[in-house]
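Me: I've got a structure open and want to talk a few bits of it through. Can you take my questions one at a time?

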Amino acid sequence: MKFSQVLVEGVSAHHAGAGRSGRADGLARGMASTAPARESGVEEMAINALLGLQNETPKLSHKQVEQQRRLTAKAHFEELRGLIPGGTDFRHDQNGVLRITVECVRCLLEGRPLPPPVGPQERSGSAASQADELMFEMDGLEAPKADPEAKLKHNETEQRRRSLARDYYNQLRSLLPGASECKPIPDKNAVLAMTITFLRDRAPPP
């Protein structure tokens, strides 16, 4: 077979292959263009549903939400201690910090100097035990067991402590500019955050 004949046959085979490839591409495009719109819609819905499942944030359990709330409160109190006179004295419990904070906010609103550092108020054994339990609970540890005979007294002390804390938070809500007009009513952590912002803006370093 002559070289020229081989060349002609090779060129013919190439064009034939290209023609088959072109017909195959045309057939694929035709099938795609004639596919039912319903099938395309179903595929799109399936993809969106899959993406939605992948992007969905898992819901926190009640225990996780409560733990996060307590950790946030703990961080707020640590920051608040650095903004009030005597706050770095860790003999002050949380109510002691709130008591000093209320007085500081009052002084700043009335244009008076901040009060001097004061020592912590004496706590009963039951109140001290409750504070220890709270710290253990925040750290994820098991609190030591209290004396069963002091349980009733402890409950009464705890009720008084919560009532006093509630009163301090209410005082801060009424004192902080704009807090009383907020809807919904700011929760405890929101009140602490607003108080920190207020003290940062108006109070000199302690």
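Predicted model: local features only at pLDDT ≥ 70, side-chain atom pairs only at ≥ 80, totals over all residues.

Me: Is Gln171 buried or exposed?
Reply: Gln171 sits in helix α6. Its relative accessible area is 18%, and the limit for buried is under 20%. So Gln171 counts as buried.

Me: Which residues does Gln171 touch, leaving aside neighbours within four places in sequence?
Reply: Contact here means heavy atoms within 4.5 Å. With those sequence neighbours set aside, Gln171 is in contact with Val102 and Arg106.

Me: How far apart are the end C-alpha atoms of helix α6, and what span should its 25 residues give?
Reply: Helix α6 covers residues 151-175. The expected span is 1.5 Å times one less than the number of residues, so 25 residues should give 36 Å. The end C-alpha atoms agree with that, being 36 Å apart.

Me: Where is Pro184, and what kind of peptide bond joins Lys183 to Pro184?
Reply: Pro184 is in the loop between α6 and α7. Omega for the Lys183 and Pro184 bond is about -5°. That peptide bond is cis.

Me: Is Leu192 buried or exposed, and which residues does Leu192 touch?
Reply: Leu192 belongs to helix α7, residues 188-202. Its relative accessibility is 1%, so Leu192 counts as buried. Not counting residues up to four places away in sequence, Leu192 touches Ala73, His76, Phe77, Leu80, Leu98 and Tyr169.

Methods
Residues numbered from 1 in each chain as written. Heavy atoms only, no water. Helix = DSSP H or I, 4+ residues; strand = E, 2+ residues; numbered from the N terminus. Buried < 20%, exposed > 50% of the residue type's maximum accessible area, 1.4 Å probe, protein only.
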